[in-house]
Amino acid sequence: MNDFKGRRVVVLGGSGFLGSHLCERLLRDGASEVVSLDNLVTGNERNLVDVAPLGNLRVVIHDVTEPLRVDGPVDFVFNLASPASPIDFVQLPIETLRVGSIGTENGLRLAREKKAVFLQASTSEVYGDPLVHPQPEDYWGNVNPVGPRAVYDEAKRYGEALVTAYARMHGLRTRIARIFNTYGPKMRLEDGRVVPTFVGQALRGEDFTVFGDGTQTRSFCYARDLIDGLLRLALSDVTEPINLGNPREMTILQFAEAVRNVHGHEGRVAFKPLPKDDPRQRRPDITRAQTLLSWEPRVSLEEGLVETFAWFRKVMAPKEPAPRT
Ligand code: NAD
Ligand code: UDP
């Protein structure tokens with residue numbers, strides 16, 4: 001099995017930012033059908049409107065913490081269902097824990113019933129506020145189990161343990177992607193993550209809201225690169241966790257500068273309090289992905305930001321008034 005031609009694929013969380021890019025790429029790569037299951041808690045039906053004409057896409061509104069029923073054969077189950085932005089998972093703490101635990105188990109059961117490959121979208125947050133830098137996959141992390149981010153971090157850590165248990169106990173073919181900060185079109189303007197926030201602020205001519213002193217670091221990966229990594233991982237036989245992210249690390253102040261340069265916006269910085277447990281530094285060690293998947297990001301931050309600006313410009317454009325009847 002070395003491509004998706006003729007494969008039937010289930011995507012949990014397919015109406016979200018990354019899920020919708022994944023559905024698009026699967027259909028472009030010849031999947032016979034893509035079935036998206038999503039309860040739209042942080043996703044949006046609009047994300048799949050331009051994807052549907054590309055092939056056979058079935059969009060099902062369903063909460064994956066409820067049992068999953070999908071008729072017919074399934075070759076792959078991708079589990080992307082989970083609130084992912086800090087403001088989303090702080091507002092939806094119990095939902096985040098439930099989708100990461102019960103939702104993941106429902107996805108695993110479906111994959112087991114169908115003898116499908118199961119891919120778990122895990123996260124760099126399993127490393128918490130890391131004491132090892134950059135983060136290799138064999139670092140176990142530094143997570144506060146009762147802090148504001150715990151609902152997400154611990155759900156994802158539990159998810160990895162559960163996926164591994166299904167592989168060990170049931171021989172399920174599983175993959176674990178530890179995704180680092182990823183951005184691009186179809187993010188929600190108001191999801192609170194730094195990329196849509198700064199791009200929106202640049203387009204409105206507002207100051208950039210930098211949390212803390214802005215010296216904390218992140219490494220930003222463009223969505224197209226990330227999806228390419230997910231597909232390579234799904235098609236590989238790599239069962240151990242794999243970091244997928246862009247190793248170009250920068251401070252949040254440098255990121256504000258990059259946004260300013262791409263947009264030509266004069267925006268100043270307005271410093272705001274740093275949220276509790278905000279990780280100080282984050283950069284993936286992608287040696288494993290380079291070696292085992294021959295994968296590394298190709299899109300520069302500047303190119304990715306140009307495409308992201310184009311998307312948000314459209315989203316923010318005043319809507320045409322409805323024609324009079
Ligand atoms: P997103 O919020 O845009 O997408 C998540 C999708 O899951 C949404 O469409 C949401 O409605 C759906 N969902 C949530 N709970 C559900 C439930 N109970 N039942 C059905 N659907 C449910 O976020 P995203 O950035 O696209 O993230 C997708 C996945 O990738 C998540 O699992 C996230 O943890 C992981 N991830 C993303 C990043 C990133 O930088 N974007 C980084 C690390 C990990
Ligand atoms: N951040 C910021 N201003 C904002 C939003 C976020 O300075 O308006 C900071 C945030 O404190 C963090 C970094 O940008 O240090 C990345 O935040 P994001 O929410 O995008 O992702 P995560 O914290 O999950 O890496």
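Two strands are taken to pair if DSSP finds at least two bridges between them, and helices (H or I, at least four residues) and strands (E, at least two) are DSSP runs numbered from the N terminus. The model is predicted, so that local features need pLDDT of at least 70 and side-chain atom pairs count only at pLDDT 80 or more, whereas totals for chains, interfaces and linings use all residues. Residues are numbered from 1 along each chain as its sequence is written, while chains are lettered from A and ligands numbered from 1 in the order in which they are written.

View 1. In the order 3-2-1-4-5-6-11, 7 strands form an open sheet with parallel pairing. Strand 3 (57-61) and strand 11 are the edge strands, each pairing on one side only, and the twist averages 20° from one strand to the next (axes are lines fitted to C-alpha atoms, for helices over the stretch in contact, and angles run from 0 to 180 degrees between N-to-C directions). Strand 2 (residues 33-38) runs parallel to strand 3 and is joined to it by 5 bridges, with Val34 opposite Leu57 of strand 3. Helix 4 packs on the sheet, where it touches strand 5 and strand 6, and its direction makes about 160° with that of strand 5; contact here requires that the C-beta atoms of two residues, placed from the backbone, lie within 7 Å. Helix 6 (residues 223-235) also packs on the sheet, touching strand 4 (76-79), strand 5, strand 6 and strand 11, and its direction makes about 160° with that of strand 6.

**View 2. Strand 6 and its two partners.** Because 6 of the 6 residues of strand 6 (residues 174-179) are buried, this strand is largely enclosed by the rest of the structure; a residue is buried if 20 or more other C-beta atoms lie within 10 Å of its own, exposed if 12 or fewer, and partly exposed in between, with C-beta atoms placed from the backbone. Thr174, Ile176 and Arg178 point one way, Arg175, Ala177 and Ile179 the other way, and all are buried. Strand 5 and strand 6 pair in the parallel sense over 6 bridges, and the chain passes between them through helix 4 (residues 150-170) in a right-handed β-α-β crossover (with the strands pointing away from the viewer, the path from the first strand over the helix to the second runs clockwise). Ala177 is the bridge partner of Ala121 and also stands opposite Ile242 in strand 11, which pairs with strand 6 in the parallel sense over 3 bridges.

**View 3. The shell around ligand 1.** Of the 27 residues around ligand 1, Gly13, Gly16, Leu18, Thr42 and Gly43 come nearest, a residue being near a molecule if its C-beta atom, placed from the backbone, lies within 6 Å of it. Helix 1 (17-28), helix 3 (93-114) and strand 5 (117-123) are the elements that give two or more residues to this shell, and the largest share, 3 residues, comes from helix 1.

**View 4. Helix 5 and the shell around ligand 2.** Arg193, Val194, Thr197, Thr209 and Phe211 come nearest among the 14 residues around ligand 2. Helix 5 (194-204) and strand 8 (208-211) each supply at least two residues of the shell, and strand 8 gives the most, with 3 residues. The buried residues of helix 5, Val194 and Phe198 among them, pack against strand 7 (182-183), strand 8, helix 7 (252-263) and helix 9 (301-316).
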